[in-house]
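Please walk me through this protein chain.

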Amino acid sequence: MKNYTLKNYTMKNLLITKLLVFGLILGFTSTQAQQKKPPVKKGQKRQMPAIGKVYGVVKDASTGKPVEFATVALVNMRTKKIITGAIANDKGKFSISEVKLGMYQLKVNYIGYKVKTLGPIKLFPKKYRGDGIEQNMGEVGIQSNAEKLGTVTVTAERETMEIKADRKVFNVEKNITSTGGTSLDALQNVPSVDVDQDGNVSLRGSANVTVFIDGKPSGLTGGGRQAALEQIPASSIKKIEVITNPSAKYDPDGMSGIINIVLKKNVLRGMNGFVNLNVGTNDKYSGSLRLGLRTGAINAYVNYSGNLFNRFMNSTNVRETYNDARDTTTFLNQVGDGDMQFHSNLLKAGIDINLNEKNTLTFSGLYSIRGFGRDMITDQVNEQQVNGGNRTFLSRSLLDNELGSDGNNMDFNAGYKRYFNNPDKVLALDIRHSRSSSLFSSDLALAPRNEDGTPTGGNSALTINETDNKFNITTAQLDFELPVNKSVKLEMGLKTTIRNIFNGYSVLNDATGTGNYIPDLTQNNDFRYDEQVHAAYGIYNHELTKKLSFQVGLRVEQTMSDAVVENTDQNYRNEFLNMFPSGFISYKISKQGTFTANYSRRINRPRTRALNPFIIRIDANNQFQGNPALLPEFINSYELSYTHTHKGITLNMTTYFRDIRGNIQRILLEDNVNNIITRSYDNLESGRNYGIEGAFNMRATKWWNFTLSGNFYKTEIDGSNLENELNNEAFSYQTKLLSNFKFSSKFNAQVTGRYRAPIVLAQGEMEEVYSVDAAINYKVLKGKGTLGLRVSDIFNTRRYGFLTNGTDFMQVGNFKPETRIAFLSFSYRFGKMSMDARKMRELRKKRRKRKKRRGNNVPNVDGIN
């Protein structure tokens, strides 16, 4: 759509313009008379010159005041299609230029007003019985609807699941079983996504997934991905997009693709706000506040969220360690109980400035503070068996492990967008800087006990571990979209990412328990990791026919990294030049059915924690140590899918295959002399993952709809480059059911059930996990307020277990956090409810694309005509 701002012509300027146009017409006709007309092929019509112009001013028919940002469209009288249009400025003026001569209708629309149609408009010279090549429509009065608009009208509810060309979209805005929770709770309900006991997110059985916030890497860089996701309330999320095979436009990080969390934004004019308060059983509190102010040129917002969660947990761990040389087996039995607390405060503010219809500036800033604490008391018993005889008691101790972490994060973002006459032609620049710091501490107190559990009277051995983390990440990205014609579009861009990460680690030991701490210089160290990634990409899109289209892309990345262990002066320097091609093809076999096939090459870079060689003591028998020599793994990902939509039913079936080289896996190394297990990472030879994924969404009745999804896959791991025992393979599957009940316009309910079968690891497997959640919502205060009640894990079945096998050991563990929690929530919306014209234009554009892709049988989910 071409957009122009109406210039204020004086009569003299208008006369000069008409004379110039008339002169151009004379010149054109005289030239045509002197030259031989080019031949016209049979059935082909001559193209009319695009020299017409329509302009005027839109006003409220009752008050006579200008209606700013009304939408004006020119409709061809013969084809009934919209040819072009414009958006009125803040004074109600509009101008549509470069219109082909012909017969048109003018349609004027604005939310809260009836559509006004004028015409016919005969854009022909008057000597051909036309109205002239310029038409001044004067004042166009539009009549407001008789009924006052209290909220944006939605003529059909947005479906829970939407299938797009390159992604699956899950609308969690009304997913009430995550009410009162965080984004981790919302992710639990997304098909093929799983969240484990530590908050690690996996997709299709792979934890190597990239998580974006609003299409960009999260500015919450410190504390790991779990800490970042725990700071985002579920009430702030509009939808979650799953992109399993991203194009070359996106960073290639993440084996299984990208999960993009899209937050709610203010699209309503004037001052608007939203407040949400939640309280859960056993001291769980959270709340959020969103304030927005949108005028004709400015959209400013301030968001705050805070939470305080207390949670109890218990665990068991049994380990057998074998020493063939001595023909002995050592047994370790651990039973633990503990409490955990997490708190965070997040403040984000930003402003979008529309300089004019073609230029937009965006600025935003974020500040967050967070804290985490866990106190776990574990009773552990060591026994030994010699030559297959009876077990004998070795030792018993009580381990008190207190973990704590505090940190803060700052994020700054500046963006610029340039629009052109063609709405698909866009230039975008984005610059972002994030910095964070955190201090992690672990206090271990090991108190000796007698065999019956009574104290021995001896002093406890004490150890204090501290890790100082500092992150600085800067990115700059330039994107350009260029439509060549109606069927061909080019995309290109550049991106630079600079990461500077520091980990300072220190250990203090008090072996006698007298309070005399001595630094352990063998473990104290500083670790620095610097990385630069410079990338360029290009994408070619071509719509061959209305049914067949394809896309090919290539991303080139130059990576330079430097890892330094300062105490030992170890330096690990790597430099890579990698290419990441991608390709998509789509074929629409009918109005309801579409086949798509795609391919992309991806990379999974090891995280800082996996590279850091510090030995972190988890307890007396377990520790973690990173591997600074760890290399990235590369993935070739293939997909073939079919999507069918018809009368409230959406079905998507996808088969996929991933081939992994340099497979990164967590491995356990045993020290059977000291009975210590070290957890680390290494590159295995390869891995393969293939399966079938399905999702079925159906609106069974007016009051009931459901989404059933499942993923059946096989994982193969080849670790023969290290040892044959690291080879493993197994089938697994997971399924989810989301069932929504709308009993009235005020009262609705939801039940969610999920099951994940055991999944294979390099040295064992994770046990099955299953649970059921339920929630109800009731609207109050004339629909502006909502009361909600939800209960997570109703039957208290969600627990996490694992089985690990090594050359000389076997370990079985079980972890049960508090998962059955009841939340009571209240939310309230306030402020004006009129929608911004730019947003309406974007929604209309999206709707036209949906119609084009899925046919005319598309519900008006946006509430826009």
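**A walk through the predicted model**

S305 sits in strand β18, which covers residues 298–323. This is a predicted model. Is S305 buried or exposed? S305 counts as buried, because its relative accessibility is 6% and the cut-off for buried is under 20%. Beyond its neighbours within four places in sequence, S305 touches Q231, P233, G287, S288, S344, N345 and L346. R290 lies 15 residues away from S305 along the chain. The C-alpha atoms of these two residues are 8.6 Å apart.

Next, the cores. In soluble globular proteins, nonpolar side chains tend to be buried together. Here the largest nonpolar core holds 25 residues. Those with the most contacts inside it are L187, V201, I237, I240, I259 and I261. Which elements give two or more residues to this core? They are β8 (161–163), α2 (183–188), β10 (193–195), β11 (201–203), β12 (210–213), β14 (237–243) and β15 (258–263). Take I261 as an example. Leaving aside neighbours within four places in sequence, I261 has contacts that include L187, V211, F212, I213, L229, I237 and I240. S183, D214 and K239 are also among the contacts of I261. A second core is separate and has 22 residues, including V58, A86, V108 and I121.

Now move to R754, in strand β39 (residues 747–756). R754 counts as buried because its relative accessibility is 10%, and buried means under 20%. What joins the side chains of R754 and D773? A polar contact of 3.2 Å does. D773 is also on the list of residues in contact with R754 from beyond four places in sequence.

Strand β42 spans residues 769–780 and contains I776. I776 has a relative accessible area of 36%, so this residue is partly exposed. Together with V279, Y285, L789 and L824, I776 forms a nonpolar patch on the surface. The patch has about 420 Å² of accessible area in total.

Finally, step back to the whole chain. The protein chain has 5 helices and 47 strands. Of its 865 residues, 47% are buried. Consider the contacts between residues at least 6 apart in sequence: 66% of them join residues at least 24 apart. The chain exposes about 41300 Å², and carbon and sulfur atoms supply 56% of that area.

How values were computed. Residues numbered from 1 in each chain as written. Predicted model: local features only at pLDDT ≥ 70, side-chain atom pairs only at ≥ 80, totals over all residues. Heavy atoms only, no water. Helix = DSSP H or I, 4+ residues; strand = E, 2+ residues; numbered from the N terminus. Buried < 20%, exposed > 50% of the residue type's maximum accessible area, 1.4 Å probe, protein only. Polar contact = N/O pair within 3.5 Å; in protein donor to acceptor, adjacent residues only side chain to side chain. Contact = heavy atoms within 4.5 Å. Patch = residues over 30% accessible without salt bridge, like charges linked within 9 Å, V, L, I, M, F, W, Y side chains within 5 Å. Areas by Shrake-Rupley, 256 points an atom, 1.4 Å probe, with all protein chains shown as cover. Salt bridge = Lys/Arg side-chain N within 4 Å of Asp/Glu carboxyl O. Core = buried A, V, L, I, M, F, W, Y, C linked by side-chain atoms within 4.5 Å.
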